[in-house]
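Subject: Handover of a structure, with notes

Dear colleague,

I am passing on the structure below, together with notes on what was found in it. Please read the notes with the structure open beside them.

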Amino acid sequence: MKQKKLRINHLLGLTAMLISLGFNPNLMAQVVVFSESFETDGSAATGDGRYTVENPSDDGENDYFNRREETSIGNIVRGGAIDGDWFWGARDLDGDGTALGDLEADEGRVTWEAFSISGIANFVLTAAVGQMANEVEFDNVIALQYRIDGGEWLTMGGFRGTYTNSPGRFFVGDLRTLPPNTNPRVTRTFVEYSWDIFAIGDTMQFRIFVNANGGSENYAIDNIVITGQSGLASLGLSTSAATLPETSGAGGLTIDFNLGQAAPAGGLTVSLSDSDADDSELDIPSEILIPEGQTSFSLPVDVINDERFDGDELVFIFVAAPGFAREAPQVTVLNFGNAPNLVMTEVYPTPNRDFPETDSNQDGVTHNTDDEFVEIVNLEDFAVDVSGWPVTDNLGPRHIMPEGTVLNPGQAVVVFGGGDPTGVFGGAIVLTASTGNIGPSTEGDTMTLVAGGVGGAPV
């Protein structure tokens, strides 16, 4: 390793608690289940076949999606936590590659072969990541993804900007996640970051997904390692239902624990959290204590009826306890009513700078992103509160409706990419995108208003 590493770690500190609770940490070995440093060519096309690359490119100068050397042309990330001299880089893909499949022209993936995780849990992924300063836009993202036993691909986190020309910032969550500006940002020097993976199974697959569409917007990643622990007991988790209506009320869901062994002296402390960002679906305690000597335990969970349409939401429940494998059972909470009749009546992509009539926001400046907009109209005969609802495209939320945004019958809301909108706009509520870029593409993109916030339903 070169220079000193900064580690941003979200791993639960278990060892000291294990000793105090009577578990033997020596029985739990730390195991490396996956590692990649890119020091040799592992591509299926030219190397030993460790991984498959979709949409590879390299113009010999500044545009690439490939394995790179630290001194290569177009690379601006240097030193830090890089392992050896090689890394994976992405800069200005812009359709230079081939065989896109389900990918857009400015996207790429690197996918590794499946590896065994049988008998192992409590996984942590670490990776060294860097980028050029202040040049990654909102729609540029690096996402770290995995799947268990050939199932659905899930995103554990990654990096993305929070507005136009902002640095990529660390996040935990799926591709809908917008990291706060207080999160750590990637820099010109490789820094090591880490993410927890709540999963159990027999096999795991890992891949990197990247979107990069600007000549000076890039990402670099190296020294990827996934570790886990063997010898962990199972919490034996199950839920009383996989799907339930949000009108289920108090105790409407039960989480059952079947430990297979007695809880230790003083009881077993279990930590819980969930993926419900606005806490509108389930009322889950942050911690419970399973009494000493008990081998099973049932936790009643209240299901929240928020009395507004927010769509059906899949909620992951993250559960951890010292000496046990971390797990994440999931339930789908069904909305109590139908989606309100709101229609996206107009989507206006990148205007032409050469024609002043494309100054859509009427601020006197024709701008490629500021003058983009979407218009949404309430066709109901009653007011609809859209506070917290995101406007999304294929990459995730472009704008979050601010608190107090209520559309009266027949009223519209117009969201511009930016600038200083000036004018009446037919009595519409006029906003600018919270990410600094509303981002509708001229082709191959889908703009959606998501009812109820992230995790809700399109309307």
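Six salt bridges are counted in this model, which is a predicted one. Side chains of opposite charge can pair when their charged atoms come close. One of the salt bridges joins Asp-48 to Arg-50, with 2.8 Å between the closest N and O atoms, and Arg-50 is partly exposed at 25% relative accessibility.

Another salt bridge is formed by Glu-54 and Arg-109, whose closest N and O atoms are 3.0 Å apart. Because Glu-54 belongs to strand β3 (residues 51–54) and Arg-109 to strand β7 (residues 107–112), this pair ties together parts that are 55 residues apart in sequence. The two partners fall into separate classes of accessibility, since Glu-54 is partly exposed with a relative accessible area of 22%, whereas Arg-109 is buried with a relative accessible area of 7%.

A further salt bridge brings together the side chains of Asp-196 and Arg-326, at 3.8 Å from N to O. Here Asp-196 lies in strand β13 and Arg-326 in the loop between β23 and β24 (330–334), so the pair ties together parts that are 130 residues apart in sequence. Asp-196 counts as buried at 17% relative accessibility, and Arg-326 counts as buried at 1%. Salt bridges that share partners also join Glu-36, Asp-48 and Arg-50 into one network.

Next come the pockets. Rolling a probe the size of a water molecule over the atoms shows where empty space is left. The largest pocket holds about 1400 Å³ of space, and its lining is made up of 39 residues, of which Tyr-146, Thr-155, Ser-275, Phe-316 and Phe-318 lie nearest its centre. Several strands contribute to this lining, with at least two residues supplied by each of β10 (141–148), β11 (154–160), β13 (191–197), β19 (268–274) and β23 (313–320). By residue class, the lining of the largest pocket divides into 19 nonpolar, 10 polar and 10 charged residues.

Turning to the sheets, you will find an open sheet of four strands in the order β25-β26-β31-β32, in which the pairing is mixed. Its edge strands are β25 (342–348) and β32 (429–432), each of which pairs on one side only, and neighbouring strands of this sheet are turned by 20 degrees against each other on average, direction ignored. Within this sheet, strand β31 (residues 412–416) runs parallel to β32 and is joined to β32 by four bridges, with Phe-416 standing opposite Thr-432 in β32.

Another open sheet of four strands has the order β16-β18-β22-β20, and its pairing is antiparallel. Since β16 (238–239) and β20 (282–283) stand at the edges with a single partner strand each, one side of each is left without a neighbour in the sheet. Two bridges join β16 to strand β18 (residues 253–258), and these strands run antiparallel; the bridge partner of Thr-239 in β18 is Ile-255.

Strand β28 (residues 390–393) deserves a separate paragraph. In a regular strand the side chains alternate between the two faces of the sheet. Both faces of β28 are covered, with Pro-390 and Thr-392 buried on one side and Val-391 and Asp-393 buried on the other. β28 pairs in the antiparallel sense with strand β29 (residues 396–400) over four bridges, and the bridge partner of Val-391 in β29 is His-399. β28 is also joined by two bridges to strand β33 (residues 448–451), again in an antiparallel arrangement, where Thr-392 stands opposite Thr-448 in β33.

Asn-122 has a positive phi of about 50 degrees although it is not a glycine; Asn-122 is found in strand β9 (residues 120–130) and is buried, with a relative accessible area of 2%. Asn-223 likewise has a positive phi of about 50 degrees without being a glycine. Asn-223 lies in strand β15 (residues 218–230), and with a relative accessible area of 7% Asn-223 is buried as well.

With best wishes

Notes. Residues numbered from 1 in each chain as written. Predicted model: local features only at pLDDT ≥ 70, side-chain atom pairs only at ≥ 80, totals over all residues. Heavy atoms only, no water. Pairing = 2+ DSSP bridges. Axes fitted to C-alpha atoms, helices over the stretch in contact; angles between N-to-C directions. 1 Å grid on protein atoms, 1.4 Å probe; cavity = no way out; pocket = protein on both sides within 12 Å on 5 of 7 lines; lining within 4 Å. Points joined across faces, edges and corners; volume = space filled by probe spheres on them. Nonpolar A, V, L, I, M, F, W, Y, C, P; charged D, E, K, R; others polar. Salt bridge = Lys/Arg side-chain N within 4 Å of Asp/Glu carboxyl O. Buried < 20%, exposed > 50% of the residue type's maximum accessible area, 1.4 Å probe, protein only.
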